[in-house]
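Please look through the model below with this briefing beside it.

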Amino acid sequence: MPDAKHDHGSRSIATRTVHHPVASPTSYPVATPLYQTSTFRVADAATIARYAEQTQPQAYYTRWGNPTIEVLEKVLADLEGGQKCLALASGMAAVTTTLLGLLRPGDHVVAGSSLYTATTEFLSSDLAELGISVDFVDPTDPEAFARAVRKNTRMFYVETPTNPTLQLTDLAAVCRIADETGNLAVVDNTFASPYNQTPLALGADVVIHSVTKYLSGHTDVIGGCLVTDAETAEQLWHQRTMLGGCIDPFAAWLVLRGVKTLAVRMQRHNDNALAVAEALRSHPAVSRVLYPGLASHPQYELAQRQMSGFGGMIAFELAGGRAAGVKLVESTRLVVLAVSLGGVETLIEHPASMSHAPLSDEQLRRAGIPPGLIRLSVGIEDPDDLIADLWQALDRLS
Ligand SMILES: *Cc1c(COP(=O)(O)O)cnc(C)c1O
């Protein structure tokens, strides 16, 4: 490596303010250093020529790769049990890079009917403009995926548990059908996190995350990732480099810090959500509670089989419908009214008046979202404080 010549004496202030000494690698930091740099000093022109031909060079240009980002990618690949990870600027960058990288005009996708709203929109409008068609099927029925396969089907795309109704897709069954029919199985694992569920072990080809959520966990960063085999990763690395959705090194560093506590946070999210779900069942204003860890969940048996914990996401229905939903989310004091999920703070959302506001009650019913449905992302606070706050807000509905 060429020396960053630091010759104070003879150069002017305009030069010395720009050229700093480069930290030499003689110390061994316990935390991963932040390489907040867009480009890297190289020894000679031939090195640049070699890097420009390589997949994922780590010291060439940060859109290609970066040492901080490389550490994050190794950690996330390991957590999901995959060969390779690509970190991206957001969950949606991971979704769109995967879809654009693996699909061609004329291809067909079979997707679960309950997906993150931007993913649904990208699949149904943006991809349609590129000549890629999609059929949305009941995510709880593996046979529905088999029935929707056409000659030009190339991919199955699912999320489980689904947003906001917490339905489950039988990943082993759907991935087996994908394999038998020559299709790729892509799974957005954001809601479960790799602590509770690892889709690659059940036969998925690509796993996607919004690392904005549980993986970073502290509500302070936007990021995404995909985990897959080495060959698919190389193809998607080219797509990421062209579309430009690389993660920023500081965002990668924040995710690396957040992920260190994933196991303790997820254990607490799992415990807290079960306690809150059980408590909500006994309030008279609540007509139904949906949580995969409750024996009353219609797919409880599948949840036990496919997940090792059930996460922090709960949905519950208010007997008072849409008006009660608005009143409840505006009546909590500790629980925060905000979109997003997976952070240490408990967040509440009313899909009918917030994320799904353009839909009428009838359209909501068709989408399987009751007007009085509330979505709760249970954080890591003391569960008794959470239950007390939800109780005082629910009591105001009567
Ligand atoms: C939030 C979310 C996304 C999008 O992630 P961003 O980081 O906001 O781009 C995708 N899928 C699921 C399931 C999500 O919850």
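The points below are grouped by topic.

This is a predicted model, in which local features need pLDDT of at least 70, side-chain atom pairs count only at pLDDT 80 or more, and totals for chains, interfaces and linings use all residues. Residues are numbered from 1 along each chain as its sequence is written, and side-chain values use heavy atoms, with hydrogens and water left out.

**Ligand site**

- The ligand is surrounded by 13 residues (a heavy atom within 4 Å), and M92, D188, S210, T212 and K213 are the closest.
- Sorted by class, this shell holds 4 nonpolar, 6 polar and 3 charged residues; Ala, Val, Leu, Ile, Met, Phe, Trp, Tyr, Cys and Pro count as nonpolar, Asp, Glu, Lys and Arg as charged, and the others, Gly among them, as polar.
- In the side chain of K213, an N or O atom is 2.8 Å from a ligand oxygen.
- Of the 380 Å² of accessible area that the ligand has on its own (Shrake-Rupley method, 1.4 Å probe), the protein covers 92%.

- S114 sits in the loop between β2 (108–112) and α5 (117–129); helices (H or I, at least four residues) and strands (E, at least two) are DSSP runs, numbered from the N terminus.
- With a relative accessible area of 10%, S114 is buried (buried is under 20%, exposed over 50%, partly exposed in between; 1.4 Å probe, protein chains only).
- Leaving aside residues up to four places away in sequence, S114 touches E159, T162, N163, T165 and Q167 (heavy atoms within 4.5 Å).
- The S114 side chain reaches the backbone oxygen of N163 at 3.2 Å.
- N163 is joined to P164 by a cis peptide bond with omega about -5 degrees, and P164 lies in the loop between β4 and α7.
- The peptide bond from T160 to P161 is cis, with omega near -5 degrees; P161 is in the loop between β4 (153–159) and α7 (171–180).

**Helix α15**

- Buried residues of α15 include P383, L386, I387 and D389.
- Their cover includes α11 (262–280), β8 (286–290) and β12 (373–377).
- D382 caps the N-terminal end of α15, with a side-chain oxygen 2.8 Å from the backbone nitrogen of D384.

**Positive phi**

- Q56, not a glycine, has a positive phi of about 50 degrees, and Q56 is buried at 12% relative accessible area.
- S340, also not a glycine, has a positive phi of about 85 degrees; S340 is partly exposed at 26%.

Technical notes:
A polar contact is a pair of N or O atoms within 3.5 Å; within protein, one must be able to donate a hydrogen and the other to accept it, and residues adjacent in sequence count only if both atoms are side-chain atoms.
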